[in-house]
Amino acid sequence: MPGISNDWLPVLQGEFKKPYYSELYKFLKDEYNTTKIFPPSEDIFNAFHYTPYNKVKVVILGQDPYHNDGQAHGLAFSVKPEIRERDIPPSLKNIYKELHDDLGLYIPNNGYLKKWADQGVLLLNTVLTVRAHLAASHQKHGWEQFTDAVIRSLNDSPNPIVFMLWGRPAGEKEIMLDNEKHLVLKAPHPSPLSASRGFFGCRHFSKCNAFLEKNGISPIDWQIENI
């Protein structure tokens with residue numbers, strides 16, 4: 001399980017020394033040795049590798065990784081570029097629909113969101129691993145404590161950050177965000193079960209860019225290109 005080596009390390013290194021993380025590490029080592037786990041171990045911390053702490057402009061908070069074969073690669077809501085258009089997960093399809101309605105973007109033929117991460121969008125799941133085909137199977141083993149520490153560290157950032165909290169579990173993190181420099185946007189989850197209850201029409205992407213520009217920060221180019 002490769003670690004974090006960029007400017008996230010001094011921010012989070014205290015967590016790696018805590019008892020809960022030692023237990024989490026032992027649990028994951030056993031899981032990866034005995035069953036199929038997503039994402040691959042080398043991809044667990046990709047959100048941090050691609051989006052350094054001091055570059056974070058936006059946080060999009062997911063739940064746990066996709067649990068079907070070949071999808072998860074360490075970025076919330078994103079799938080590997082080889083996933084065919086027809087196999088893009090429904091939640092991501094709904095995100096693209098809202099982007100089209102909000103900003104007029106075309107809907108791409110892939111779900112690879114690394115372009116967002118490279119611009120400063122931290123695509124963070126609250127739980128970073130999952131058993132194959134078994135949603136929520138790694139909840140309550142320590143990841144939540146770790147990612148809560150991530151959120152608290154970002155709340156302390158002197159840079160204005162946009163937090164997009166989609167769905168009830170993500171929305172519950174709002175209590176951790178009391179830095180007046182930041183913008184917190186809440187909406188129902190983009191899954192087919194709840195998107196029509198207020199995710200569609202939330203206009204989070206245009207609100208995000210307006211906030212960034214107001215604070216002298218370059219906006220996000222949300223368009224994912226066809227491949």
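**Reading burial, helices and packing**

Guide: At 36% relative accessibility, glutamine 13 counts as partly exposed, where buried means under 20% relative accessible area, exposed over 50% and partly exposed in between, with a 1.4 Å probe and protein chains only. Glutamine 13 belongs to helix α1; helices (H or I, at least four residues) and strands (E, at least two) are DSSP runs, numbered from the N terminus. The model is predicted: local features need pLDDT of at least 70 and side-chain atom pairs pLDDT 80 or more, whereas totals for chains, interfaces and linings use all residues. Residues are numbered from 1 along each chain as its sequence is written, and side-chain values use heavy atoms, with hydrogens and water left out.

Visitor: By how many Å are the C-alpha atoms of glutamine 13 and cysteine 202 separated?

Guide: They are separated by 36 Å, and the two residues are 189 residues apart along the chain. For valine 58 and glutamine 119, 61 residues apart along the chain, the C-alpha separation is 9.1 Å.

Visitor: Is valine 58 buried or exposed?

Guide: Valine 58, in strand β2, counts as buried because its relative accessibility is 0%. Contact means heavy atoms within 4.5 Å.

Guide: Threonine 51 is in the loop between α3 and β2, and it counts as buried because its relative accessibility is 1%. Leaving aside neighbours within four places in sequence, its contacts are Trp8, Val56, Ala117, Gly120, Val121 and Leu122. A polar atom of the threonine 51 side chain lies 2.8 Å from the backbone oxygen of alanine 117.

Visitor: How is the length of a helix checked?

Guide: The expected span is 1.5 Å times one less than the number of residues. Helix α6 (residues 143–155) has 13 residues and should span 18 Å, and its end C-alpha atoms are 18 Å apart, which agrees. Helix α4 (residues 90–103), with 14 residues, should span 20 Å, in agreement with the 20 Å between its end C-alpha atoms. Just after α4, glycine 104 takes a positive phi of about 75°.

Visitor: How many of the 13 residues of α6 are buried?

Guide: The number is 10, so α6 is largely enclosed by the rest of the structure. Among them are Trp143, Phe146, Ile151 and Asn155. The buried residues of α6 pack against α1 (8–16), α2 (19–34), α3 (46–50), β2 (58–62), β3 (121–125) and β5 (162–166).

Visitor: Which residues of α4 are buried, and what do they pack against?

Guide: The buried residues of α4 are Ser91, Leu92, Asn94, Ile95, Tyr96, Glu98, Leu99 and Asp102. They pack against α5 (114–118), β5 and α8 (204–214).

Visitor: How is the packing of two helices described?

Guide: Two packed helices are described by the angle between their axes and the distance between the axes. Axes are lines fitted to C-alpha atoms, for helices over the stretch in contact, and angles run from 0 to 180 degrees between N-to-C directions. α1 and α6 pack at about 140°, with their axes 10 Å apart. That makes α1 oblique to α6, given that angles under 35 degrees count as roughly parallel, over 145 as roughly antiparallel, 65 to 115 as roughly perpendicular and the rest as oblique. Residues making the contact include Trp8 and Phe16 of α1 and Phe146 and Leu154 of α6.

Visitor: At what angle do α4 and α8 pack?

Guide: The angle is about 60°, with the axes 8 Å apart. That makes α4 oblique to α8. The contact is made by Ile95, Glu98, Leu99, Asp102 and Leu103 of α4 and His204, Phe205 and Ser206 of α8.

Notes: Polar contact = N/O pair within 3.5 Å; in protein donor to acceptor, adjacent residues only side chain to side chain.
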